[in-house]
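Work through the following exercises with the model open beside you, and try each task before reading its solution.

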Amino acid sequence: MARPQREDRSRDREDSEIVDKLVGINRVAKVVKGGRRFGFAALVVVGDQRGRVGFGHGKAREVPEAIRKATESAKRGMVRVPLREGRTLHHDVLGHYGAGEVILRAASVGTGIIASGPMRAVFECLGVHDVVAKSIGTQNPHNMIRATFDALKQIQSPRMVAQRRGKKVSEIVGKREESPAAAAEAQE
């Protein structure tokens, strides 16, 4: 009996660290004999702000129930994304879904999140602080989020590439070249 309680506590602690963002709510009406019946569809993005993120879609007759269903769906479908220095992406990447296409670019310190609404929610939940993103094609939030996730799933860290090739990370990355100012100071 003690073991399930321990697992429940760890799951509660994990859930308390998860941040969720409501991207959109859509109201739909079904015309029936007595009038209209309204339903709601919610789109939610969740993440732990340390490299895990997921999205979910939920439908119900009331808004809170739709949001709850979407949040549960998002938690079940979370993916891990490798981040460079815990603040940006490792490399530039292109993602597609339907008519949606997104371009995600790594950015230097202090750039911030330069992205539109649905993509901004994904990056805030993911824990990215510096990124430049561009959406080409559709403005549909569902397709933009799916295209963003398609791009995020393609990101690979130097450690992953080195492991796949059977090399060391230093062989993959190589030594960083010194800036001209630093080279001038070294000569003096």
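**Exercise 1.** In which helix is cysteine 125 found? Describe its surroundings.

*Solution.* The model is predicted, so that local features need pLDDT of at least 70 and side-chain atom pairs count only at pLDDT 80 or more, while totals for chains, interfaces and linings use all residues. Residues are numbered from 1 along each chain as its sequence is written, and side-chain values use heavy atoms, with hydrogens and water left out.

Step 1: Cysteine 125 is found in helix H3, where helices (H or I, at least four residues) and strands (E, at least two) are DSSP runs numbered from the N terminus.
Step 2: Cysteine 125 counts as buried because its relative accessibility is 0%; buried means under 20% relative accessible area, exposed over 50% and partly exposed in between, with a 1.4 Å probe and protein chains only.
Step 3: Not counting residues up to four places away in sequence, cysteine 125 touches Val19, Lys21, Val45, Val46, Gly47, Asp48, Gln49, Arg52 and Val53, contact being heavy atoms within 4.5 Å.
Step 4: Although cysteine 125 and glycine 47 are 78 residues apart along the chain, their C-alpha atoms are separated by 4.4 Å.

**Exercise 2.** Which residues of the largest nonpolar core touch the most other members?

*Solution.* Step 1: A nonpolar core is a set of buried Ala, Val, Leu, Ile, Met, Phe, Trp, Tyr and Cys residues joined through side-chain atoms within 4.5 Å.
Step 2: The largest one has 27 residues, of which Val53, Val81, Leu89, Leu104, Met119, Phe123 and Leu152 touch the most other members.
Step 3: Two or more residues of this core come from each of strand E2 (35-47), strand E6 (100-106), helix H3 (117-126), strand E8 (131-137) and helix H4 (141-154), and H4 gives the most, with six residues.
Step 4: Beyond its neighbours within four places in sequence, phenylalanine 123 is in contact with Leu104, Ile113, Ala115, Val128, Val131, Ala133, Thr148 and Leu152.

**Exercise 3.** What is the order of the strands in the open sheet of four strands?

*Solution.* Step 1: The order is E1-E2-E3-E4, with antiparallel pairing; two strands pair if DSSP finds at least two bridges between them.
Step 2: Strand E1 (19-32) and strand E4 (79-80) stand at the edges with a single partner strand each, so one side of each is left without a neighbour in the sheet.
Step 3: E2 and strand E3 (residues 52-60) pair in the antiparallel sense over eight bridges, and the bridge partner of valine 44 in E3 is glycine 56.
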